[in-house]
Amino acid sequence: MPLPALFQSLRLPVIAAPMFIASNPELVVAQVRAGIVGSFPALNARTTSQLDEWLHRITEETRGCAAPFGVNLIVHRTNPRLDEDLAVLEKWKVPLAITSLGAKAEVNAAIHGWGGLVLHDVIDDTFARKAIDKGADGLIAVAAGAGGHAGQQSPFALMQEIRSWFDGPVALSGAIACGRSILGAQAMGADFGYIGTPWIATTEANAAEDYKQAIVAGRAADIVYSNLFTGVHGNYLRPSIVAAGMDPDNLPAGDKSQMNFGSGGNMDAKAWKDIWGAGQGIGAIGTVEPVADRVAALAAQYQSAKDELRGRIGIG
């Protein structure tokens, strides 16, 4: 199936993942201007009124760009702002919604009502089927190694199962931090690489300098998988867990019933804010730089990987 027109003029087949705290209007605008899909969580705006202001700014500052932007909506029952935020997205005719933690047919129908597209993030094939059944236009396959809330399945297994029945848009998430990995995601059947962690180490990201430098210094072995912090399993930087006074190798289990994203979940808000999410691909990140420079580097790596692959498999 051909990709929707929304995605047909991207510089790179990349969707920038919406990240807790780090994704702000400045980051999204820079991503879109650099030629990739930019996005942010609606709950990063402290109020629905602020969300309205952010969407006004992003809409104005990306007008005429070839790449679109998207907004992430938590559709789980613990999000009391869902209906209000959805109305603001409708006001600005947001072109792309990324839904998480529960697919809802009525939410998808509302987004389709103003001409928007819906990608729903999933960690296995069962959730993927439910999302499409409820009207999502496409999927974000969150495989092992992804930053923040992540699944445990190999990207090979996850993409194989999804592509056995679904031919619509799919983005693959999980340790994608260089151009070679973007090409690898496409080889597995994905349309896009879904990239989060590398954007934390950019000048535009709303992240503490210590956080950015920890991304630069880190390697895959520094990532800890736990459900303590929000009740849902995710990947986090070991040094931030140690700094919070906890043993990253002996963390207690979290309580899923206490999910409260953006407000602390199983921990108080300040402690949760200081626990830093990151994916296993951080070994590819060697510096803090502007988004435009990171996209340019990814584009060069992607082209180099394509050229190398042509030679390796004997295509002229």
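The model is predicted, so local features need pLDDT of at least 70, side-chain atom pairs count only at pLDDT 80 or more, and totals for chains, interfaces and linings use all residues. Residues are numbered from 1 along each chain as its sequence is written, and side-chain values use heavy atoms, with hydrogens and water left out.

- Strand β9 spans residues 192-195 and is covered on both faces. (Strands are DSSP runs of E, at least two residues; helices are runs of H or I, at least four; both are numbered from the N terminus.)
- Phe-192 and Tyr-194 lie on one side, Gly-193 and Ile-195 on the other, and all are buried. (Buried means under 20% relative accessible area, exposed over 50%, partly exposed in between, with a 1.4 Å probe and protein chains only.)
- β1 runs parallel to β9, joined by three bridges. (Strands pair if DSSP finds at least two bridges between them.)
- Val-14 has Gly-193 of β9 as its bridge partner.
- Strand β8 (residues 170-173) also runs parallel to β9, with three bridges.
- Ala-171 has Phe-192 of β9 as its bridge partner.
- From β8, the chain passes through helix α7 (residues 179-187) to β9 in a right-handed β-α-β crossover. (Right-handed: with the strands pointing away from the viewer, the path from the first strand over the helix to the second runs clockwise.)

- Ile-21 is not a glycine, yet its phi is positive, about 65°.
- Ile-21 sits in the loop between β1 (14-16) and α1 (25-33).
- Ile-21 counts as partly exposed because its relative accessibility is 26%.
- Lys-93 also has a positive phi, near 50°.
- Lys-93 sits in the loop between α3 (82-91) and β4 (96-100).
- Lys-93 has 47% relative accessibility, so it counts as partly exposed.
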